[in-house]
Amino acid sequence: MSWRWVITDAVGAAGAALVAEDRPQVLTTRHNLANLRGRAGDAAGAAEELGRLACDMERVHGADHIYTVVSRRAAVRRREGADGGSRGAG
C-alpha cells in the first residue's frame with residue numbers, strides 16, 4: 001500500500017468524522033448525554049459540554065435557531081447548578 005493511500009484514507013476519515021459531528025442526531029445525542037452527566041451530579045462537566053454544544057449548534061443552525069437557544073439555556077442552568085445555585089442570591 002502506498003503512503004499516498006494511507007494519507008488519503010486518513011484525511012477522508014477525518015473529513016467524514018467532521019461531517020458526522022454536525023448531524024442533527026449527533027448533536028441531539030450530545031445534548032442528552034450532557035444532561036445525563038448533570039443529573040449524575042457533574043454539573044460543571046455538563047455545563048462545559050453544553051457550552052461547547054451551544055457553539056456547535058450556533059455554527060450548524062444559526063444563533064436564533066431553537067436548538068441553539070435551548071442548548072445555551074441548558075448550559076446556563078447547569079453552570080448555575082455548578083456554582084451552587086447562585087441565581088437570585090443577592
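Here is a short tour of the model, stop by stop.

Before you click, know that this is a predicted model, where local features need pLDDT of at least 70, side-chain atom pairs count only at pLDDT 80 or more, and totals for chains, interfaces and linings use all residues. Residues are numbered from 1 along each chain as its sequence is written, and side-chain values use heavy atoms, with hydrogens and water left out.

**Stop 1: confidence.** Colour by pLDDT, the predictor's confidence in each residue, from 0 to 100. The protein averages 80, and 72% of the residues score at least 70. Helices here are DSSP runs (H or I, at least four residues), numbered from the N terminus.

**Stop 2: a helix pair.** Select α2 (residues 24-39) and α4 (residues 66-82), which pack at about 15 degrees with axes 12 Å apart. Axes are lines fitted to C-alpha atoms, for helices over the stretch in contact, and angles run from 0 to 180 degrees between N-to-C directions. That makes the two roughly parallel (angles under 35 degrees). Show H31, N35, G38 and R39 of α2 with V70, S71, A74 and R78 of α4 to see the contact (heavy atoms within 4.5 Å).

**Stop 3: H61.** Jump to H61 in helix α3. Leaving aside neighbours within four places in sequence, H61 touches L27, Y67 and T68.

Technical notes:
Parallel < 35°, antiparallel > 145°, perpendicular 65-115°, else oblique.
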